[in-house]
Structure formats: structure tokens, C-alpha cells
Amino acid sequence: MRIPSPLLRGRKEADVDSAMTPMIDVVFLLLIFFVWTSSFVIVEHILPSQLSKQVGADPTQPVDPPPKQDFENIVIKIDWDGNRPVWTINEQPVASLADIRQRLAVIVEIQSEAPVILHPVPGVPLGHVIEAYDVAKLVGFAKISFAVNPQTETG
Amino acid sequence: MTPMIDVVFLLIIFFLVSSHLSRQESSVELPLPVAASGDEDTDQTTPRVTINLRSDGTLLIGGRRIEPQQLTEALNEVRQQEGDELEVRIRASRQAPYSAVEPILLACTDAKVWNVTFAVYREEQ
């Protein structure tokens, strides 16, 4: 029977320690790699929007009796001329997004509760729709909804 | 001792890699619209369906392609499983036409899902 001498045991433990070091190196390298690459993930933010119940139903026959409204709707129509969006607020043409912002800033002082309705034509890229939504939200309107084009509704 | 540490490290690596892959699966690379008023996404408890909309108008749910006509049915199914507070997250390309977004909004209202959010970037990427 071999009795392990205390000297030999000490050497064995040293062997185990030295064999583990490269593995720990590799694991730490992997950890660092994953932590580092995760910093390249672009953070997404969200724009919450509450859909209203009238949308999707037949607009001529509201499901609920419409609540008494003190304020007129602010309809922002977004047309598309092929290259750039063309905006109108309640039938009045607006030159630019900054201009929309100015006008909405004036309106929000008077009636911040007024519902804003975005009405883009089908061809408008979503980026421009969200821009208008963003402007209305930044100015301080709380109720912003999307209009749906009639042809989509029937089809 | 050493084999156990081996196994533990293997498990750690496995979970790191798999979590990385699962995150990638749910986030299709899309040029999202830009909005300065975007909120931080802190709510992790609300059940959520993510709808990806590519620039060419194709819809993806969970990596699977879906036709706009099937959307109402699919959302109805999920709402029945997850409950009424279901949130629909629209990750749409900024180049996608509004006509491709409309059917999603309509399907949500038809499926009685009122909580809809748009995924955006805070600034131009």
C-alpha cells in the first residue's frame, strides 16, 4: 500500500491548479467577449399609442354614442408627392415639420385636451408618420390617433 | 473537482450563447423610425406580441411570415391565451408605406387589442 507523502500531495494540488488556469483564461475571455458585444446592441425605445374603439368599426355607425366633445379634432393630413410628405392641418397647408410644431404649440396652449388625428395617405413611409406623431407628443398632446383610409377598411 | 468545474463552465457558455441567439431571433434587423419622445421600455410583465414589418411590406411574427388577412385570427388566439392586457409591439421599417401599417392597426382593433406600441430609435442610427 502506498502512503501518499505530504510532499507528493502538495505537488498534485499544484498540478490541478496549473491545469485550470488556461481554462479560466478562456472562460474569462468569452465572458469579456459577450459583455463587450452586448454594448453594440442598439437600444430601442417605444412610442405607446392607445387605439380607440371607433377605429375599425363602420365610421358612419359608431359603436358607442360619441361622447360630448368640447374640442374640435385637429386633423393632420400627410400626403405624399413621391419624394417628400406634404402636410395639412385642418385643411390648411403647412410648409414643414417645424411649422407644424409651431402651430401645434399655439393650439396646445388653448386646448391641450383636443384629440389629434393623423391621417396619412397609404403611400407615406412610416418614418414620416412617426415624425408627425413625435412632434404632436413632444408639444404636449395626449390623445393622438391614427386614421384609417376607407379603402383599407372595406378590403 | 475539475470535471465539475468543466461542466459548470460549459453550462455558463451554453446559456450565454443561447440567450444571445434568442435575443437575435426576436429582433429582425430593421431601420426603425426615429422619435425624440420615445419612452424607455421598462415594462417586462405585460404579455406582448411583436410584429415585424419589413420595408417591402412583409409581416413577421416570431420569425414566421404571416399574411395580413391571418393577422386578426392570430392576434385573437394570442389574446385568448394571454388575456386582455396584451400589448402589440409594431417594429416597422421607416420605409414601409402606411398602407402596410394600416392592416396591423385594423387587425388589432378587430382582435380587441387596444395597447399598441411602436418601436423607435431615439436618434438616427
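Modeller: A polar contact is a pair of N or O atoms within 3.5 Å; within protein, one atom must be able to donate a hydrogen and the other to accept it. The model is predicted, and across the interface of chain A and chain B the rule finds 13 residue pairs in polar contact, both residues at pLDDT 80 or more.

Colleague: Which elements of chain A give two or more residues to the side that touches chain B?

Modeller: They are helix 1 (6–38), strand 1 (45–50), helix 3 and helix 4 (150–154) of chain A. Helix 1 of chain A gives the most, with nine residues.

Colleague: Why is the pair B:Asp39 and A:Lys137 called a salt bridge?

Modeller: The N to O distance between these side chains is 3.5 Å. The cut-off is 4 Å between a side-chain nitrogen of Lys or Arg and a carboxyl oxygen of Asp or Glu, so the pair qualifies.

Colleague: What makes up the side of chain A that touches chain B, by class?

Modeller: That side has 28 nonpolar, 10 polar and five charged residues. Chain A and chain B bury about 3900 Å² between them, 68% of it on carbon and sulfur atoms.

Colleague: How do the axes of helix 2 and helix 3 of chain A lie, and what is the handedness of the crossing?

Modeller: The axes of helix 2 (residues 97–110) and helix 3 (residues 126–139) of chain A come within 9 Å and cross at roughly 35°. The crossing is right-handed. The residues of this contact divide into nine nonpolar, no polar and two charged.

Note on methods:
Residues are numbered from 1 along each chain as its sequence is written. Chains are lettered from A and ligands numbered from 1 in the order in which they are written. This is a predicted model: local features need pLDDT of at least 70, side-chain atom pairs count only at pLDDT 80 or more; totals for chains, interfaces and linings use all residues. Side-chain values use heavy atoms; hydrogens and water are left out. Axes are lines fitted to C-alpha atoms, for helices over the stretch in contact, and angles run from 0 to 180 degrees between N-to-C directions. Helices (H or I, at least four residues) and strands (E, at least two) are DSSP runs, numbered from the N terminus. A crossing is left-handed if the near helix is turned anticlockwise from the far one by less than a right angle, and right-handed if clockwise. Ala, Val, Leu, Ile, Met, Phe, Trp, Tyr, Cys and Pro count as nonpolar, Asp, Glu, Lys and Arg as charged, and the others, Gly among them, as polar. Buried area is the accessible area (1.4 Å probe) that two parts lose on being put together, summed over both. A polar contact is a pair of N or O atoms within 3.5 Å; within protein, one must be able to donate a hydrogen and the other to accept it, and residues adjacent in sequence count only if both atoms are side-chain atoms.
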